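Here is a friendly walk through one protein model, with the structure placed just below.

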Amino acid sequence: LSADPKNPWYHRLQAEIFMDLGKYDLAAKSFKTCYELNPEDPNTLYDQASALIGANKISEAIAVYDQLELKMGAYEELSFQKHDLYLQINQPQKAVRELEKLAEAFPSEARYWGVVAQFYYQNNEREKAKAALDKMVLADPDNGMVHYQLSEYYAATGDEKRSYDELKKAFETYDLSIDQKIMIMVKYYQ
């Protein structure tokens, strides 16, 4: 590094060596310097966040991911990673907000609202789960998986008629494979 301290590739190599040695704090600093010298490479931010996670500096890693999101926009891998990190530091409201931001960024991807609904349902927030399911239906009203997930929700809340109606809609589509339909039928026969 003393030969050319302004060369970002030297700092990247140093960071990678620190990563291999398990010196995550030093790796994060080197990745940060590398990014400052070459801000055109957003992968360096991702690597810096990974080093911070290795150093167990979760809040700092999230801040770097936020910086990456500003540069690149929302995308699935980043949003799910931030979601998981917020759960690690026991901030479930921020965790679910990451999922909601992803769903809002990709309004035609119904499955993202399904993930939001599952999170709320697992945390006993049924009204919020239902609201997310409603958004999922708006995103893709003809999707069989959407109707299947609604069927599961209604079954869990004890509304057998609505559960059956949604299951019927799900079975009328090609979105559920034959194997999935058979598994559902076996479940009901048991």
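## Two helices side by side

Helix H5 (residues 76-88) and helix H6 (residues 92-105) have axes that come within 7 Å of each other and cross at roughly 170 degrees. That angle makes H5 roughly antiparallel to H6. Angles over 145 degrees count as roughly antiparallel, under 35 as roughly parallel, 65 to 115 as roughly perpendicular and the rest as oblique. The axes are lines fitted to C-alpha atoms, for helices over the stretch in contact, with angles running from 0 to 180 degrees between N-to-C directions. Helices (H or I, at least four residues) and strands (E, at least two) are DSSP runs, numbered from the N terminus.

Which residues make the contact? From H5 come Glu 76, Ser 79, Phe 80, Lys 82, His 83, Tyr 86 and Leu 87, and from H6 come Pro 92, Lys 94, Ala 95, Val 96, Glu 98, Leu 99, Lys 101 and Leu 102, where contact means heavy atoms within 4.5 Å. These residues divide into eight nonpolar, two polar and five charged. Here Ala, Val, Leu, Ile, Met, Phe, Trp, Tyr, Cys and Pro count as nonpolar, Asp, Glu, Lys and Arg as charged, and the others, Gly among them, as polar.

## How to read the numbers

This is a predicted model, in which local features need pLDDT of at least 70 and side-chain atom pairs count only at pLDDT 80 or more, while totals for chains, interfaces and linings use all residues. Residues are numbered from 1 along each chain as its sequence is written, and side-chain values use heavy atoms, with hydrogens and water left out.

Glu 69 sits in helix H4 (residues 58-72). Is this residue buried or exposed? Glu 69 counts as buried because its relative accessibility is 14%; buried means under 20% relative accessible area, exposed over 50%, and partly exposed in between (1.4 Å probe, protein chains only). Not counting residues up to four places away in sequence, Glu 69 touches Ala 74, Leu 78, Lys 82, Glu 98 and Lys 101. Lys 82 belongs to the H5 side of the contact described above, and Glu 98 and Lys 101 belong to the H6 side.

## The largest pocket

The largest pocket has a volume of about 330 Å³. It is lined by 19 residues, and Gln 118, Leu 133, Met 136, Met 145 and Gln 149 lie nearest its centre. Pockets are found on a 1 Å grid over the protein atoms alone: a cavity is a set of points where a 1.4 Å probe fits but cannot get out, a pocket is an open set with protein on both sides within 12 Å along at least five of seven lines, and lining residues have an atom within 4 Å of a point. Grid points are joined across faces, edges and corners, and the volume is the space filled by probe spheres set on the points.

Helix H7 (110-122), helix H8 (126-139) and helix H9 (144-156) each supply at least two lining residues. The largest share, seven residues, comes from H9. By class, the lining has eleven nonpolar, four polar and four charged residues.

Val 146 also lies in H9 and is buried, at 2% relative accessibility. Leaving aside neighbours within four places in sequence, Val 146 is in contact with Ala 110, Met 136, Val 137 and Asp 140.

## Residues in the loops

Two asparagines are worth a look. Asn 90, in the loop between H5 and H6, has a positive phi of about 60 degrees although it is not a glycine, and is exposed with a relative accessible area of 66%. Asn 124, in the loop between H7 and H8, has a positive phi of about 55 degrees, again without being a glycine, and counts as exposed at 62%.

Thr 173 lies in the loop between helix H10 (160-171) and helix H11 (178-189). Thr 173 is buried, with a relative accessible area of 14%. Beyond residues up to four places away in sequence, Thr 173 touches Asp 142, Gly 144 and Lys 181.
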